[in-house]
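I opened the notebook to record what I looked up in this structure, entry by entry. The entries follow the order in which I went through it.

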2 protein chains.
Amino acid sequence: MSKKESFTPAWTEEAPRQGTYRSIFKWGDPAGFKHPNRGFYGMIKDVFQMTDTDFGQPQEEGNETVECGQPIRLSDEQVRAFEGIVGKENVHSDDYSRVKYGAGKTMEEAMKLRKGVVESAPDLVLHPRAREDVQKIVACCSEQGIPIYPYGGGSSVTFGFQCAKGGVSLVMSTHMHRVLDFNETNQTITVEPGILGPAYEKMLNDAPEVFKAKRRYTAGHFPQSFEYSSVGGWIAALGSGQQSSYYGDMYDIVLSQEYVTPAGSFKTLDYPGTATGPKVNDIMKGSEGTYGVLVSATLKLFRYVPENRRRFSYLFPSWEAAVDASREISQGEFGMPGVFRISDPEETDVGLKLYGVEGTTLDKIVRLRGFKPMERCLYIGSAEGEKDFSKNVAKNVRRVCKAHGAMSLGGYAAKRWEHGRYTDPYMREDLNDYGIIIDTLEAGVTWDNLHRLHQGVRGFVKARPRTICMTHASHFYPQGTNLYFIFIARMNDVEEYKAFQAGIIDQVEKHGGSLSHHHGVGRMMAPWMERHLGTMQMDVLRALKRHFDPKGIMNPGGTLGLDLTPDP
Amino acid sequence: MSKKESFTPAWTEEAPRQGTYRSIFKWGDPAGFKHPNRGFYGMIKDVFQMTDTDFGQPQEEGNETVECGQPIRLSDEQVRAFEGIVGKENVHSDDYSRVKYGAGKTMEEAMKLRKGVVESAPDLVLHPRAREDVQKIVACCSEQGIPIYPYGGGSSVTFGFQCAKGGVSLVMSTHMHRVLDFNETNQTITVEPGILGPAYEKMLNDAPEVFKAKRRYTAGHFPQSFEYSSVGGWIAALGSGQQSSYYGDMYDIVLSQEYVTPAGSFKTLDYPGTATGPKVNDIMKGSEGTYGVLVSATLKLFRYVPENRRRFSYLFPSWEAAVDASREISQGEFGMPGVFRISDPEETDVGLKLYGVEGTTLDKIVRLRGFKPMERCLYIGSAEGEKDFSKNVAKNVRRVCKAHGAMSLGGYAAKRWEHGRYTDPYMREDLNDYGIIIDTLEAGVTWDNLHRLHQGVRGFVKARPRTICMTHASHFYPQGTNLYFIFIARMNDVEEYKAFQAGIIDQVEKHGGSLSHHHGVGRMMAPWMERHLGTMQMDVLRALKRHFDPKGIMNPGGTLGLDLTPDP
């Protein structure tokens, strides 16, 4: 092995020091790392015309101690009032807490925190202990006109926690992560919103031990942020898990919810079917904390039978073939796969590099069989449910894929993807350390508009020299799917990044994609909402806002585009 | 055969004379009849202590010519304005039109029309030709404060068309039944709301001929009112078809909608999945014409493959066993049956009489095997979808039924039920002609509350001497189902009937059932809505009402309980 080949970039391998900016923007486990492998690293150097010497010293690591720099606008009396409600130990006004709970995981927030830039923060961070605390906080804030920002797991990629107007951040995950009811007859569980993915899923898997249940269950909801996102966040921002094609989106999984709003508290009806007018349960989903604070939710459960899972993967000769086959699978009425993911040619080739397939004998065979780089597309999937049901799904998937010219790669790629499904975001810090941004945007789309949207966004991104644009579709319905765009670029200037990102969102909107399929709107998509929904529909959301929150204290400052200043 | 046995009641066999009350309240095809068979007739006589001589002469047949008797409160100028909008030929103010389009199919309306009682009517009946007509009508009515009542197929059983405040009835089914778009790629169709079930289903079945499509499709929505209800009505009142357990409720089937409201016109987004805030498409579903007029809808389609259907029926030893098996089927994750229907012991026994099984050799064998009258329960069903999918559903249903002590009756009962699914309502006129009411109420319910609701309602109904109460569950979800109550009683006094019905609704509400699973709220359930939803949630619906319809002109007079007078 030559010296050059054995070079390893100086990837950071240490947990960030406590109290630093890096400890805030770093994804996930402080001691968790996943570095670009040799193939990916080689591609990065190649695309961005970088050399090993560019990877000797990380830049703008954000290792400084956090300074908030934003004044606290609440009076001592107001602070004491909150201490009286949640207890002194659950009220924090230190710089670190204010910056941490006022930031999410957008690329822009990470770029700014790396530079030590803090543009907004809550005045106070509160950790409510139960619904009653939330009711008192909302009443107090309502009376005094103090903004409230709910915070769950902290993984928002839409500026969901940006406290543009000061006020209080409510951290729901500190105390409010309890189970309120487990109902095996109805196959439901009622939980407080602050519970995070792993704890939630584990107790369902362990239901016989935890709840003396007859069976094991699963939430069926596995977003990539699974380990660091909360049930409340999944509902508030309308998340979709990586097996949503089978289990449904969070929108489908929520049976009922309980809210505390400035207008009062209520719990929605929990019927699986009812014809008693517009469903308030559905009206509240996706309201992103702008109407009130979610304090509990009843969710549907599914049987946990991993032994019935069947994994498969296929290589298609073209993106058109992969899309056509996916549509046929989605409309075929033999049941939907759980994991269901097709990668476009660029993502497929990056993936083959990433997994070390490129250049191997397998790669040669595949090419000889006509599956060419920048044409071929990877499809990975799995079937869930009852044994013969999942078997039949896998059988039909095979039939459809073959009919569209695909070659089976067996279950290995799917298993490998599953294994790494939550760890890929760890690579962002490594890339960022060397001035390379990696970011994502995603959109819902109907089948008939998929290629137009794909080409429109790619056209814009690829017009920028030396920019990677990978796309996959991973949430399928009979009427369409989503497109998930990942772009990688060497870019260090925040303003350049913002303009680039805005340009992409423009393209999504222009080409008929939904502004978000499962990240939510937050403040990031807000400026596009009026054009996307039209004024009439925005007026509906605003009418609800006025009803629930006449003083505009709930997650103010642009969320959902409800209270944008006239010219954003 | 003895003389007594050969007696046939003087069932009406003639289409009602045009212009009569009977021509309005009679169900369905004027020349369509289905009379109680010998077994059912025998049971009726037995339960109500009637003899053949009671069935010699129909009573209160409503054969008189309709007189409206309600003043027209619109000025000549207003009438001319509407004539200017839709054309003179589409404006009707004759007594017959006003009574016909101001009445639905409730038992109470039929009882009153039989007596020649008309308590309310629209001033004018309009037949809009297209969206533009509706926009002009809504603008005109908005300006002048004239109430608007949309009318689709006319099958409402919740006083959906009661024009308590005069104004104009909009008959959507006369002209607005066109196809606006057929999209085979997305598997959707966009239609005007006035199209009725049979025309809608037929063109989908005939898609290759009608739309040059590659495949045949089905709406998947078959309410009992299928032949005389409209797509718009299905959406407005949140209908569920008799195969909803597989195809979903109308709530699930609607991809997007276009409305004309006093606040303006809009079309909702048509993404199969999107995370762009609360979904206006869902907010409008179930609004029963109180927010605006539905002018078009885009609906999901399913593949029409009747050759894959598998029918089955089973007899369970008890209601508990039938419910437990149904829950296991609904939660088993092998796919849901399409038709999925369990009858409680009383309905089962009536059914066995109705189908001539009682007293036969089969009946004797069944009894010997321990399936006793007033204990045994019938389950009928069918599986849809891809060939092996439906096969696997049927196989698993069989497994679950056997495990719960059921005996297979083969596919015959299911096929027989299917054959008669739309014709049973024709029997109402026969019973009513002899002073016997037959009516239904239905509620959504979670599994854990099913028996309590069933017993609560039955307890009330059966406390009345000589009253039949049959119950079935026919719309299944993993978290619960519906209960559909049919009650038959000898009763001729409208006030007695109203008190009896109110008593039943009280029991539904008291025992935790949803006020309606799929008939909607209308004006019938309105007085219970505030208690059922709670004031906080009713306030949400009222806030939306104020937004869309600040002057309260859209379907006013109690619908959804939005504008009830303080003490209903």
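What follows are my entries on the contact between the chains, the domains, the helix packing and the sheets.

**Entry 1: the model and the contact between chains**

I note at the outset that this is a predicted model. I began where the two chains meet and found that 74 residues of chain B are in contact with 74 residues of chain A. I then asked which elements of chain B each supply at least two residues of the side that touches chain A. The list I wrote down consists of β9 (264-267), α12 (280-284), β11 (302-303), α16 (387-403), β16 (436-446), β18 (480-490), α21 (526-533) and α22 (535-548) of chain B. Of these, α22(B) gives the most to the side of chain B that touches chain A, with seven residues. Sorting that side by class, I have 36 polar, 27 nonpolar and 11 charged residues.

**Entry 2: domains of chain A**

I turned to the domain assignment of chain A, which gives domain 1 (76-171), domain 2 (179-303), domain 3 (307-421), domain 4 (425-519) and domain 5 (527-561). I looked up one pair, domain 2 and domain 3 of chain A, whose centres, taken over C-alpha atoms, are separated by 30 Å. Six residues of domain 2 of chain A are in contact with seven residues of domain 3 of chain A. On the domain 2 side of this contact I find two nonpolar residues, four polar residues and no charged ones.

**Entry 3: a helix pair in chain A**

At what angle do α14 and α17 of chain A pack? I have about 150° for helix α14 (residues 319-331) and helix α17 (residues 387-403) of chain A, with their axes 9 Å apart. The crossing in which α14(A) passes α17(A) is right-handed. On the α14(A) side I list A:Ala325, A:Glu328 and A:Ile329, which meet A:Val397, A:Val400 and A:Cys401 in α17(A). By class, the residues of this contact are five nonpolar, no polar and one charged.

**Entry 4: a helix pair in chain B**

I next looked up helix α13 (residues 319-331) of chain B and its packing on α16(B), where the angle is about 150° and the axes lie 9 Å apart. Here α13(B) passes α16(B) in a right-handed crossing. The residues that meet are B:Ala325, B:Glu328 and B:Ile329 in α13(B) with B:Val397, B:Val400 and B:Cys401 in α16(B). I recall from the first entry that α16 of chain B is also among the elements that supply at least two residues of the side touching chain A.

**Entry 5: the seven-stranded sheet of chain B**

I traced an open sheet of seven strands in chain B, in the order β15-β12-β14-β13-β17-β18-β16 and with antiparallel pairing. Its edge strands are β15 (407-408) and β16 of chain B, each of which pairs on one side only.

Six residues lie between β17(B) and β18(B), which form a hairpin.

Why do I call β18(B) largely enclosed by the rest of the structure? Nine of its 11 residues are buried, so the rest of the structure largely encloses β18(B).

**Entry 6: the five-stranded sheet of chain B**

I also followed an open sheet of five strands in chain B, with the order β5-β6-β10-β8-β9 and antiparallel pairing. β5 (179-183) and β9 of chain B stand at its edges with a single partner strand each, so one side of each is left without a neighbour in the sheet. Neighbouring strands of this sheet are turned by 10° against each other on average, direction ignored. β5(B) and strand β6 (residues 188-191) of chain B pair in the antiparallel sense over four bridges, with B:Phe182 opposite B:Ile189 in β6(B).

**Entry 7: a hardly covered helix**

Last, I checked helix α15 (residues 361-368) of chain B, which is hardly covered, the count of buried residues among its eight residues being zero. After α15(B) comes B:Gly370, whose phi is positive, near 100°.

Terms used
Residues are numbered from 1 along each chain as its sequence is written. Chains are lettered from A and ligands numbered from 1 in the order in which they are written. This is a predicted model: local features need pLDDT of at least 70, side-chain atom pairs count only at pLDDT 80 or more; totals for chains, interfaces and linings use all residues. Ala, Val, Leu, Ile, Met, Phe, Trp, Tyr, Cys and Pro count as nonpolar, Asp, Glu, Lys and Arg as charged, and the others, Gly among them, as polar. Domain bounds come from an automatic or database domain assignment. Axes are lines fitted to C-alpha atoms, for helices over the stretch in contact, and angles run from 0 to 180 degrees between N-to-C directions. A crossing is left-handed if the near helix is turned anticlockwise from the far one by less than a right angle, and right-handed if clockwise. Two strands pair if DSSP finds at least two bridges between them. A residue is buried if 20 or more other C-beta atoms lie within 10 Å of its own, exposed if 12 or fewer, and partly exposed in between; C-beta atoms are placed from the backbone.
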